[in-house]
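Trainee: I have a structure open. Please show me how to read it.

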Amino acid sequence: MKKLSFPITGMHCASCAMNIQRKLLKTSGVASANVNYANEQATVEFDENMCSEPQLGKAVESLGYKAHIGEQKGSEDIVEEARAHDLTELKRKLWVSGILSALLLTAAMIPFAPPFLKNPWLMWLLATPVQFWAGWQYYQSAWSGLKNRSANMDTLIALGTSVAYLYSVFVVLQKSLLEGLGLRADVYFEVSATIITLILLGKFFELRAKGQTSAAIRKLIGLQAKTARVLRDGEELQLPIDHIVKGDRLLVKPGEKIPVDGVIAKGATSIDESMVTGESLPVEKGEGSKVIGATINQSGAFEMTAEKVGAETMLAQIIELVKEAQGSRAPIQKLVDIISSYFVPIVIMLAILTFLLWFNFGPEPQLVRALISLIAVLIIACPCALGLATPTSIMVGTGKGAENGILIKDAEALEVAGKIQTVVFDKTGTLTEGKPKVQGVEYTSGVKNGAKNMTRLKALIFSAEKQSHHPLADAVVKHFENEVKPIEVTKFLDISGFGIAATLGKDKLLIGTEKLMQREHITIPQLLKQKAEQAKENAQTVSYVALNNTCVALISIADTVKPAAKDVIATLKKAGIQTVMITGDNTATANAIAKQIGVDIVLAEVLPQDKEAKIQELKKQGKKVAMVGDGINDAPALAAADVGIAMGNGTDVAIESAGIVLLRSDIGLVPKALKLSKSTMRNIKENLVWAFGYNVILIPVAMGALYPFLGIQLHPILASGAMALSSVSVVTNALRLKKVKI
């Protein structure tokens, strides 16, 4: 299976996207397809043995649209160029159709208009370019829909305006016949022309507003460096960024953007990494330090080796993830899609029913009134507003998240995050700094009395812990590294959730929890037990050291609580969200930290493999659960939660398992992510209420529901204005998300 994303141009409403999506899904070998009108992107998963990229392109093009597969230009450039071209074309059509429609309206509505303007043959001549040149796209799209055995918004526009136009043509050609039958021989060229003009005007405003929804992607792309100084064969070359290859030696001068991800080979500097970390203070870097593309070199010149180029760089991956999120479908969209699929056929049936009711039971002139109401029903119905309601809000919401360091990987995570009732935090590296320090080492009297024994023991501890990658082990290594020299470790075992076991020459060493000592049947001296209790009361983690099956020392380690942790917990609790801390630490230490920051529930002494089970237990209680973590051992729990939130400084595995990634290690982004989700979902619901409400209220009005009470029959021109306004209002409401404070 292969996953492919590519831009599609030529779409001008949400119904177009639905037609293309249906066509792609019918293509042999395609497992899933999603076409998003808001960002004009298609994402297709297909079997390469059954389907090829050219076949996907042909499927799209058979409906009259253009699939840009395998082109050198970036998808944003393609979409931007197409949008600019469409806006220019729309302006031209609006000027022409606007002038012609104004002349037609003058002839039809103003009694003292020049007589030559009222000539039906001239009106026919003026209306024809509007109908078949300015409005040609609606016929084209309606025909594409019919070929795909579906109807769309353009079907309604084409039907409605064609009825008005063709009836008027019939009146011009057969005026005497109609008058002989006692019927009014009025033409409605101004109706068909003005409807098309107003809808084009609405599309113009919608297209212009829609361009603003992808502003976040353009900002991210704008961060990329355009050129790089490359050192090749002793020469300094200024090359475009896409000419850089792995292993290239690059020169970066003060004030320049770092071109790609890599490592400093020569020199030292300070770098503004706020683009990634959000930290305003520059970071000091020297030889061997990693640097990130698009961050800014502030002080010194340096040479670097390119390690990740093109799509591999951090910024490129962020851009790709944001694009995927913006093009993904929220669960709420499924309901909208179902309704939209039945919408147009129902509207056509209602229009026919309206015509029959007015023709059979309406007042004179019955035929004219029946035609007016039929056209009004066809024109006022707007499935496009329904189709735009969800994707536009998701585009703006995910874009706003990216600008604030919150990377939302798909629309489902965005939707579910707003419903979270419980947030589970991993302790180390999430609530705490993840940089523990040794607070003290307590030895038994037997060790204290022999200086050689103590030095030997320190060397054994240092050498064994050097083999481990646990943060607590790093703290121990740093504590002893300047005191002793390493001893060769002949055997090493990492006992997950308990500690480590090592053999160094003739000595066997165990370092770990009280449970490890119990498991190995090692007695802990009373003095060390008392010291351990004191350490736990001070929120310190304790590790016991056993040498040759005798417990000889106690190491107490503390990890500093993040300054923002207390405020984050308070903010979540204020929002009615339950907070949980999960940790492998002993209960006393965990409770001491929980007391400092105000966490509701503490799950202590939880082994890494059991974290997922604890998440499942919380979910079984009927709660929507978010898990916040950063380590490899958090990955199963992140995947099991309704929403996984990974800290940006975490492991690749944790980030891959999460639905939301915080681009910097700022725990304060957690409540902001949840608030952004709530704001986005509220915005989507507002859009849907407007789109549904608009159709539920105005379709009956167009059918004539007000006529028996107020004598009002909705004119098709007013219907077209209202329809154009509905789509514009949905996009404009989505853009309000940009101003929401999170």
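Mentor: Start with strand pairing: two strands pair if DSSP finds at least two bridges between them. Helices (H or I, at least four residues) and strands (E, at least two) are DSSP runs, numbered from the N terminus. This is a predicted model, where local features need pLDDT of at least 70, side-chain atom pairs count only at pLDDT 80 or more, and totals for chains, interfaces and linings use all residues. Residues are numbered from 1 along each chain as its sequence is written, and side-chain values use heavy atoms, with hydrogens and water left out.

Trainee: Which residue of β13 stands opposite Val-252?

Mentor: Phe-302 does. Strands β7 (residues 249-252) and β13 (residues 302-308) run antiparallel, joined by four bridges.

Trainee: How many bridges join β8 to β13?

Mentor: Five, and β8 (residues 261-266) also runs antiparallel to β13. There, Gly-262 has Ala-306 as its bridge partner.

Trainee: Where do side chains point in a regular strand?

Mentor: They alternate between the two faces of the sheet.

Trainee: How many helices and strands does the protein have?

Mentor: It has 29 helices and 26 strands.

Trainee: What is the radius of gyration of the protein?

Mentor: The value is taken over C-alpha atoms, and the globule rule is 2.2 Å times the number of residues to the power 0.38. A compact globule of 742 residues would come near 27 Å; this protein has 34 Å. Its C-alpha trace spans about 125 × 65 × 50 Å along the principal axes.

Trainee: What share of the residues is buried?

Mentor: Buried means under 20% relative accessible area (1.4 Å probe, protein chains only), exposed over 50%, partly exposed in between. Here, 53% of the 742 residues are buried.
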